[in-house]
Amino acid sequence: MTVESVRPEAQPREASELREPPLAGGGVPLLGHGWKLVRDPLAFMAALRDHGDVVRLKLGPKTVYAVTTPELTGAMALSTDFKIDGPLWESLEGLLGKEGVATANGPRHRRQRRTIQPAFRLDAIPAYGPIMEEEAHALTERWKPGETVDCTSESFRIAVRIAARCLLRGEYMDERAERLCNALATVFRGMYRRMVVPLGPLYKLPLPPNREFNRALADLHLLVDEIVAERRASGQRPDDLLTALLEAKDENGDPIGEQEIHDQVVAIVTPGSETVASTIMWLLHVLAEHPEHADKVCAEVESVTGGRPVAFADVRSLRHTNNVVVEAMRLRPAVWILTRRAVTDTSLGGYRIPAGADIVYSPYAIQRDGKSYVHNLEFDPDRWLPERVKDVPKYAMSPFSVGNRKCPSDHFSMAQLTLITAALATKYRFEQVPGSNDVTRVGITLRPHKLLLRPVPRD
Ligand code: HEM
């Protein structure tokens with residue numbers, strides 16, 4: 001999972017040599033492939049490579065292109081012929097704001113990346129170590145042996161707290177973190193529904209679920225306003241992401257507007273919390289379902305720490321724990337679907353892609369593909385050992401994406417995920433309890449429906 005610097009082949013060929021991508025099989029009149037995508041999106045996306053490297057899908061009257069191979073998804077992510085756009089981003093923009101880094105394109109996006117990047121650089125991460133440590137251990141203390149842990153709310157809670165305390169440095173974060181968790185959970189659920197079932201005006205009716213969604217969305221925006229206003233009122237300028245955003249200048253050297261500051265905070269806190277929380281849920285699931293790996297993580301941590309509480313500085317020595325995190329992210333990538341839009345007539349793998357085309361691809365499908373991985377569906381953290389990792393094709397494992405839209409938070413996320421996994425596995429074994437439902441719930445991210453675990457102390 002390194003930043004890829006080489007631009008792979010996506011080179012335009014002579015227009016006359018280009019072929020139209022084949023139409024994927026299985027479409028039905030009127031709805032095309034839409035019904036399959038709604039009914040079982042993961043299986044649908046995972047099967048597309050059998051139809052071609054690039055295929056056309058019919059979603060109602062609309063044609064959408066799907067890219068199915070690691071090389072071509074890497075090529076697309078690194079090519080300037082494609083930008084962030086399409087239904088996923090449009091629905092995110094409509095709800096979260098149009099001026100944040102996650103949805104901007106062109107010069108504004110480059111400028112915004114320059115503003116936020118220093119907070120996420122590898123050399124900035126150790127400063128967050130004490131907070132990550134404190135939060136990871138506080139989590140294990142909160143959980144009482146034998147009591148049932150609701151992994152959804154607990155994972156959200158720690159993800160929001162770490163992002164907010166590290167990047168926005170608030171004293172007030174406990175109450176706010178709870179509000180943020182509640183608001184985000186409702187907003188993300190509603191956003192996904194609005195994306196896959198676009199019933200437009202129906203979502204404006206004053207029905208209870210719509211009212212709940214609107215309240216949560218309003219609270220999310222209010223929270224962000226409160227955080228910004230409080231920082232301003234404090235007169236303090238700690239060296240953090242919020243200060244960087246408040247002091248950012250636009251292309252003309254003028255201070256950026258209030259709306260952009262607001263949208264930037266939303267664009268960073270929102271995807272950051274949802275993705276990390278979903279990944280923590282899957283890591284808890286791994287610890288419960290693969291006790292042999294949980295034991296191995298525990299043994300590794302103890303061999304590094306000699307029995308003291310695991311610290312941030314230990315993370316770089318925790319090879320196996322890190323591999324467990326990577327393998328969990330391979331099989332259960334939080335970000336399972338991404339879209340792009342072609343900005344010009346272009347090509348991918350010898351196929352013609354017209355300007356304006358919407359393109360979709362699935363890290364879930366790519367990372368589970370039997371053409372890229374032996375025993376592809378097996379949970380095998382050792383596939384990330386140095387001697388085996390070279391068997392993994394380029395771009396077949398890019399949970400943070402590559403290119404100019406690559407997640408800025410890869411180091412930040414990996415550090416906290418490894419530390420949390422280490423802290424949890426050394427204190428407890430986990431078992432699912434009756435009522436737990438670990439079936440994958442497909443939303444904006446992938447997570448278990450309702451994972452309920454009982455922590456059993458290790459002696
Ligand atoms: C973008 C994954 C955690 C902030 C992305 C993208 C992916 C991703 C795949 C690229 C989207 C694309 O190519 O279209 C993940 C995963 C995470 C994680 C798997 C954790 C397990 C975070 C965190 C933050 C964050 C903790 C912030 C605190 C962002 C932002 C972008 C982004 C701001 C937009 C970047 C841009 O468009 O330039 N993330 N992310 N992510 N992520 Fe993350």
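The model is predicted, with local features requiring pLDDT of at least 70 and side-chain atom pairs pLDDT 80 or more, whereas totals for chains, interfaces and linings use all residues. Residues are numbered from 1 along each chain as its sequence is written, and side-chain values use heavy atoms, with hydrogens and water left out.

The ligand is surrounded by 27 residues, of which His109, Arg113, Arg340, Arg405 and Cys407 are the closest (a heavy atom within 4 Å). The iron atom of the ligand has Cys407 (SG), at 2.3 Å, as its only protein donor (N, O and S atoms within 2.8 Å of the metal, or 3.2 Å for Na, K and Ca), and Cys407 lies in the loop between α15 (386–389) and α16. The shell divides into 16 nonpolar, 8 polar and 3 charged residues, and its largest share, 6 residues, is given by α11.

Three strands form an open sheet in the order β4-β12-β9 with antiparallel pairing (at least two DSSP bridges between paired strands; strands are E runs of at least two residues, helices H or I runs of at least four). Because β4 (149–150) and β9 (428–432) stand at the edges with a single partner strand each, one side of each is left without a neighbour in the sheet. Helix α16 packs on this sheet, touching β9 and β12, and its direction makes about 90° with that of β9 (contact means heavy atoms within 4.5 Å; axes are lines fitted to C-alpha atoms, for helices over the stretch in contact, and angles run from 0 to 180 degrees between N-to-C directions).

Key: Nonpolar A, V, L, I, M, F, W, Y, C, P; charged D, E, K, R; others polar.
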